[in-house]
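Please consult the sequence and the coordinates while reading.

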Amino acid sequence: MRTALLGKMPPLVLVTFTLFLFSCVNLKSVGEFSVTSTESLKNFEKIDYSFLQHCLDRCTDEAIRKYEIKRAQECSCELYQEADSVTQVIYNTIEGYFEGLGHLSQNELTTYSSDAVVNALTAEEFGPVQIDSRFATAFSSLSNTLLRATTDSYRRKKTAQYIEEANESMQVLLEKFEVIISTNLKGELRFKRERLYAYYMDMKMNQTVLSEYEKGQAATDYYQALEAIQRKELELEVFGESLAEIAKGHQVLYDNRNKLSVKNLQELLQEYSSHVKELVSEFNKLNN
Amino acid sequence: MANLTSDQAKQLSDNFYYLGMAIGDFRYENWERLSLDENKELSETQNMLLQTGEDILAFSTTLIMDEVTESLQKINSISADIQGTIKTLRNIQKGLNIAAALLILGVAITNRDTKGIGDSIKNVYETWSSPQL
């Protein structure tokens, strides 16, 4: 039947139809990948730790170590707050992008506004990360695209264009975000561990604790605190891994935006979506 | 003068982490031989070195240095040497001096004082190489 139908088609129509099939982006796969990525990214808001929190904890640890009792804690954490601001802007940008991509690929004509992201991208405090101006332009035109993207062919074209314009910046941002989380923020916890070790070692060497019961209690307290830090480190590591997977998945989207058949793209993206889902599940177990 | 990359900042932070650990190990190994004041001084230095490592991670790519690669190589090399031998160092005064020199280097890095960084690296190297203090 299919052969018979194709046989009756004029050659030009057949070529156009084939080209269309092979050039279109599989919107369902893009939509699924975007939703999974957004869900994973939103876990950032569940991470109960930040540079500022680390700085405040450090002040508390120091006050305890020195046995300083003050009416209010004196803590200078401005630069740590700055590190949080940069991280927040990067997060907002990536999350906003995938949310937009999800809406676009699923034909959800929402009142999505890209203003916050565009403002963030042009903010001075964006720091050392360089963003391609085309990316900011792609964002600012997203709201408009979403409102007009009513037909499938138009959406496909716009989705491919959106992915194309965003990929370079997305790769930079996702890599930077991963470094901040997996190396910098997680790395801060290693220092917290060492300070904890020094505190209990000093206590032991000074023979502050004398009774057997107190010794046992001190050792228990130490290992409980150590475990809590290690759990947080693992949580950050898992979140960082999911960022790397999202970046790889987006690269696949970019590489195949114009040349893959529907089935192939679905298979390729499925691998990344599944892995991100597994990491989301792992993260949630650690976060509970 | 150039900004440090994320990798370079991580490497530098690692050095201060391990140096803080090394000073701690030196204290615990020589606990009985250290006076109360010496122990306190080293404990403060240990904490400051750890804080420097933490600050480096938070500031990351906003840090600057002259001849970054060369400076980092020098810090890496001397840091590895100190970590490997300070625990068994018998000369308490040398331990105190090297701790103080490292502290000055840390302050120069977090203050983005490029001249201070160069001078401090030299000072750490000379302090550590000196046979008698």
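Q: How many helices and how many strands are there in chain A?
A: The model is a predicted one. From the N terminus on, the elements of chain A run α-α-α-α-α-α-α-α-α-α-α. The count for chain A is therefore 11 helices and 0 strands, with helices and strands taken as DSSP runs.

Q: What percentage of the contacts in chain A between residues at least 6 apart in sequence join residues at least 24 apart?
A: Chain A has 288 residues, of which 34% count as buried. For its contacts between residues at least 6 apart in sequence, the share that joins residues at least 24 apart is 84%.

Q: Which helix supplies the largest share of the side of chain A that touches chain B?
A: In the interface, 19 residues of chain A are in contact with 20 residues of chain B. At least two residues each come from α4 (51-65), α5 (78-105) and α9 (152-205) of chain A. By class, this side of chain A has 10 nonpolar, 4 polar and 5 charged residues. The largest share, 12 residues, comes from α9(A).

Q: Are α4(B) and α5(B) roughly parallel or roughly antiparallel?
A: Two packed helices are described by the angle between their axes and the distance between the axes. The axes of helix α4 (residues 92-110) of chain B and helix α5 (residues 114-129) of chain B come within 9 Å and cross at roughly 165 degrees. Angles over 145 degrees count as roughly antiparallel. The crossing angle therefore makes α4(B), relative to α5(B), roughly antiparallel.

Q: How many residues of the contact of α4(B) with α5(B) are nonpolar, polar and charged?
A: α4(B) passes α5(B) in a left-handed crossing. The contact includes B:Ile98, B:Leu102 and B:Leu105 of α4(B), and B:Ile117, B:Val124 and B:Trp128 of α5(B). Among its other members are B:Asn97 of α4(B) and B:Ser120 of α5(B). By class, the residues divide into 11 nonpolar, 5 polar and no charged.

Q: In which element of chain B is confidence lowest?
A: The mean pLDDT of chain B is 86, and 96% of its residues reach 70 or more. Confidence in chain B is highest in helix α2 (residues 36-59), at 92. Confidence is lowest, at a mean of 75, in strand β1 (residues 2-3) of chain B.

Definitions and conventions:
Residues numbered from 1 in each chain as written. Chains lettered and ligands numbered in written order. Predicted model: local features only at pLDDT ≥ 70, side-chain atom pairs only at ≥ 80, totals over all residues. Axes fitted to C-alpha atoms, helices over the stretch in contact; angles between N-to-C directions. Helix = DSSP H or I, 4+ residues; strand = E, 2+ residues; numbered from the N terminus. Parallel < 35°, antiparallel > 145°, perpendicular 65-115°, else oblique. Left-handed = near helix turned anticlockwise from the far one by under 90°. Contact = placed C-beta atoms within 7 Å. Nonpolar A, V, L, I, M, F, W, Y, C, P; charged D, E, K, R; others polar. Buried ≥ 20, exposed ≤ 12 C-beta atoms within 10 Å, placed from the backbone. pLDDT = per-residue confidence, 0-100.
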